[in-house]
Amino acid sequence: MSSGDDLLKSMGYQPASPVDSMVAPTPREIARRAADIVATVQDSRDAVSEAANCLPGYIEAGIAWDLVAVVEWMADQIARSRHPLLGEMLGAGPVPWECWQRELIEPWPILADAAAKLGRSLPARRSPAGSTSIVPVTTWPRA
């Protein structure tokens, strides 16, 4: 066992088991995988985006972006509550996870806690047709 593994065990980190090649398309699973990545991959720079890269191929780019945005928003909220001075330095949020990950000594607990707080469903998306109004024919002026 490497010294990195010993350090993770002493900190109480429990990697997800088993680690699948694909991530379920939910904010919780993205955050859970991101916590695994940031805790176990030393050269990780943006664990949330790296976790989103493991989404199944049938997920639309817009849905993937929404999932990342939800995870980054929750992680930003948690990180700001634990590191208010760093939050002030990074500016108004939500700040992309990559910025937090570069600055934090222990970033995985924030992502693990984000996973615990996030839901299991896909983000709701409104179709463009749902945002338009239809005027009934009876209200049009008559000639």
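Me: Where is Asp-76 found?

Reply: Asp-76 is found in helix H4. Helices here are DSSP runs (H or I, at least four residues), numbered from the N terminus. The model is predicted: local features need pLDDT of at least 70, side-chain atom pairs count only at pLDDT 80 or more, and totals for chains, interfaces and linings use all residues. Residues are numbered from 1 along each chain as its sequence is written, and side-chain values use heavy atoms, with hydrogens and water left out.

Me: Is Asp-76 buried or exposed?

Reply: Buried means under 20% relative accessible area, exposed over 50%, partly exposed in between (1.4 Å probe, protein chains only). Asp-76 counts as buried because its relative accessibility is 1%.

Me: What does Asp-76 touch?

Reply: Contact means heavy atoms within 4.5 Å. Leaving out residues up to four places away in sequence, Asp-76 touches Gly-93, Pro-94, Val-95 and Trp-100.

Me: What covers the buried residues of H4?

Reply: The cover includes H2, helix H3 (47-52), helix H6 (97-103) and H7. Among the buried residues of H4 are Val-71, Met-74, Ala-75 and Ile-78.

Me: How do I read the packing of two helices?

Reply: Two packed helices are described by the angle between their axes and the distance between the axes. Axes are lines fitted to C-alpha atoms, for helices over the stretch in contact; angles run from 0 to 180 degrees between N-to-C directions. H4 (residues 61-82) and H7 (residues 108-117) pack at about 120°, with axes 9 Å apart. That makes H4 oblique to H7. Angles under 35 degrees count as roughly parallel, over 145 as roughly antiparallel, 65 to 115 as roughly perpendicular and the rest as oblique.

Me: Which residues make the contact of H4 with H7?

Reply: From H4, they include Val-71, Met-74 and Arg-82; from H7, they include Pro-109, Ile-110 and Lys-117. The contact divides into nine nonpolar, no polar and three charged residues. Ala, Val, Leu, Ile, Met, Phe, Trp, Tyr, Cys and Pro count as nonpolar, Asp, Glu, Lys and Arg as charged, and the others, Gly among them, as polar.

Me: How do H2 and H7 cross?

Reply: Their axes come within 8 Å and cross at roughly 165°. That makes H2 roughly antiparallel to H7. Arg-28, Ala-31 and Ala-35 of H2 are among the contact residues, as are Trp-108 and Leu-111 of H7. This contact has 11 nonpolar, no polar and two charged residues.

Me: How many residues of H2 are buried?

Reply: H2 is mostly covered, with 11 of its 14 residues buried.

Note on methods
Helix = DSSP H or I, 4+ residues; strand = E, 2+ residues; numbered from the N terminus.
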